[in-house]
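Please keep the structure open and check each place as you read.

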Amino acid sequence: MSAISLDGERLAARWRAGIAADAAALKARGIAPKMATVLVGDDPASAAYIGRKHADCLETGIEALDIRLPADATRAELLEQVDRLNRDPSVHGLMVQLPLPAPLDEDEALAAVAPHKDIDGLHPANLGRLLAGRPGLLPCTPAAILGLLSDYDVPLAGRRVAILGRGPLVGRPLAMLLSLKDTDATVTLLHSRSPDIAGELRRADVVVAAIGVAGYVTAGMVKPGAAVVGVGISYTADGRMVSDVAEEVTEVAGLVTPPHGSVGALTRAALLRNLISAARPA
Ligand SMILES: Nc1nc2c(c(=O)[nH]1)N[C@@H](CN(C=O)c1ccc(C(=O)N[C@@H](CCC(=O)O)C(=O)O)cc1)CN2
């Protein structure tokens with residue numbers, strides 16, 4: 001038996017259509033939504049993500065500023081750019097692409113973004129709101145995963161969700177989002193020191209893998225009929241992109257994401273949803 005494919009690309013196209021309509025409505029009121037991205041260095045994967053974010057802006061009628069700094073940019077240069085964008089009233093939202101080259105401090109860069117322009121949803125104030133149960137701008141990949149599960153009517157209330165990976169971009173904020181009162185999932189956050197990871201995954205109705213270890217989640221770790229979302233990616237020696245979820249999982253799961261392009265496309269759409277929220281007058 002083959003699992004249903006959790007098609008994030010298709011849902012992302014629907015989200016982008018809604019974003020385009022929202023952007024047009026804002027423009028009719030004299031507000032031209034504008035995003036800025038800051039990329040430091042020349043990491044090819046980061047440059048590709050930025051390129052796709054700007055292509056989405058073009059498609060949805062959102063203005064976009066593409067700020068590039070050299071890999072040896074100083075802390076002061078980066079913070080100055082962020083401060084300039086924070087103070088620019090024509091820019092409604094901005095994001096600093098991660099990872100940053102050493103020795104730049106990622107936490108400092110995320111905290112330098114004005115919370116009301118933080119379309120990544122990664123500023124401590126926005127993460128704190130999530131923790132307090134009063135979410136503001138949502139972290140994009142967790143919002144994308146929730147949207148994907150909801151689009152396929154995957155029940156969450158009272159269900160067990162196992163999240164593999166406690167990283168600040170996906171695992172930790174997703175655990176908070178899923179345990180909010182209106183979601184009511186029972187969340188287990190697993191990491192490299194967790195005992196019996198395979199047993200925990202087998203008990204789960206929903207599995208989210210965000211560790212960046214190729215093919216870690218195998219068919220034997222998945223409860224028959226479960227929904228499985230692969231977020232983490234890694235690269236083989238010959239440059240092939242590989243998911244955390246082994247292809248054989250499709251024979252056991254009820255629903256599973258394709259190897260790539262599903263959560264990534266929705267993550268970008270979630271960024272633009274945040275931008276529209278940030279651009280809307282209070
Ligand atoms: N400031 C930020 N930096 C980074 C983020 C982020 O959200 N904000 N996330 C990643 C990079 N990224 C977006 O920028 C991103 C990459 C990959 C995925 C994803 O879910 N995986 C894809 C697979 C890869 C692909 O096809 O591109 C998928 O399965 O759909 C989400 C977000 C680090 N930096």
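1. Start with D153. Is D153 buried or exposed? D153 is exposed, because 7 other C-beta atoms lie within 10 Å and a residue with 12 or fewer counts as exposed. D153 sits in the loop between α6 and β5. Its backbone deserves a look as well. Phi is positive, about 55°, although D153 is not a glycine. Keep in mind that this is a predicted model.

2. Now go to D196, in the loop between β6 and α8 (197-203). D196 is not a glycine, yet its phi is positive, near 45°. D196 counts as exposed, with 10 C-beta neighbours inside 10 Å.

3. Next, the overall build. The protein has nine helices and eleven strands. The C-alpha atoms fill a box of roughly 50 × 40 × 35 Å along the principal axes. Why call the radius of gyration of 19 Å in agreement with a compact globule? A compact globule of 282 residues would have a radius of gyration near 19 Å, and the protein has 19 Å, so the two agree.

4. Look at packing and contacts. Of the 282 residues, 44% count as buried. Take the contacts between residues at least 6 apart in sequence: 69% of them join residues at least 24 apart.

5. Find the open sheet of six strands. Read across, its order is β1-β11-β8-β7-β5-β6, and the pairing is parallel. Which strands stand at the edges? They are β1 (4-5) and β6 (186-190). Each has a single partner strand, so one side of each is left without a neighbour in the sheet. As background, strands of a sheet pair through backbone hydrogen bonds, either parallel or antiparallel.

6. Zoom in on β5 (residues 160-164). Five bridges join β5 to β6, and the two strands run parallel. You can trace the pairing residue by residue. I163 has L189 of β6 as its bridge partner. L164 stands opposite L190, also in β6. β5 is mostly covered, with four of its five residues buried. In general, side chains in a regular strand alternate between the two faces of the sheet.

7. But V231 is buried, because 30 other C-beta atoms lie within 10 Å and 20 or more is enough to count as buried. What is V231 in contact with, beyond its neighbours within four places in sequence? The list is T141, V170, V208, A209, A210 and V263. For a sense of distance, G220 is eleven residues from V231 along the chain, and their C-alpha atoms are separated by 19 Å.

8. Turn to helix α9 (residues 263-279). Its 17 residues reach 24 Å from first C-alpha to last, close to the 24 Å expected at 1.5 Å a residue. α9 is mostly covered: 15 of its 17 residues are buried. As a general rule, an α-helix has 3.6 residues a turn, so residues three or four places apart point the same way.

9. Now the ligand. How many residues surround the ligand? The count is 18, and the closest are Y49, L98, H260, V263 and G264. β4 (93-96), α6 (140-151) and α9 each supply at least two residues of the shell. α9 gives the most, with three.

10. Check two peptide bonds. L98 and P99 are joined by a cis peptide bond, with omega about 0°. A102 and P103 are joined by a cis bond as well, with omega about 5°. P99 is in the loop between β4 and α4 (106-112). P103 is found in the loop between β4 and α4 too. L98, from the cis bond with P99, is one of the closest residues to the ligand.

11. Finally, the record. In an unreviewed entry, UniProt lists residues 139-280 as "domain: Tetrahydrofolate dehydrogenase/cyclohydrolase NAD(P)-binding". In the model, this span is 31% helix and 18% strand. The C-alpha atoms at its ends lie 18 Å apart.

How values were computed
Residues numbered from 1 in each chain as written. Predicted model: local features only at pLDDT ≥ 70, side-chain atom pairs only at ≥ 80, totals over all residues. Rg over C-alpha atoms; globule rule 2.2 N^0.38 Å. Contact = placed C-beta atoms within 7 Å. Expected span 1.5 Å × (residues − 1). Pairing = 2+ DSSP bridges. UniProt positions renumbered as here; feature names shortened; annotations may be inferred. Near = placed C-beta within 6 Å.
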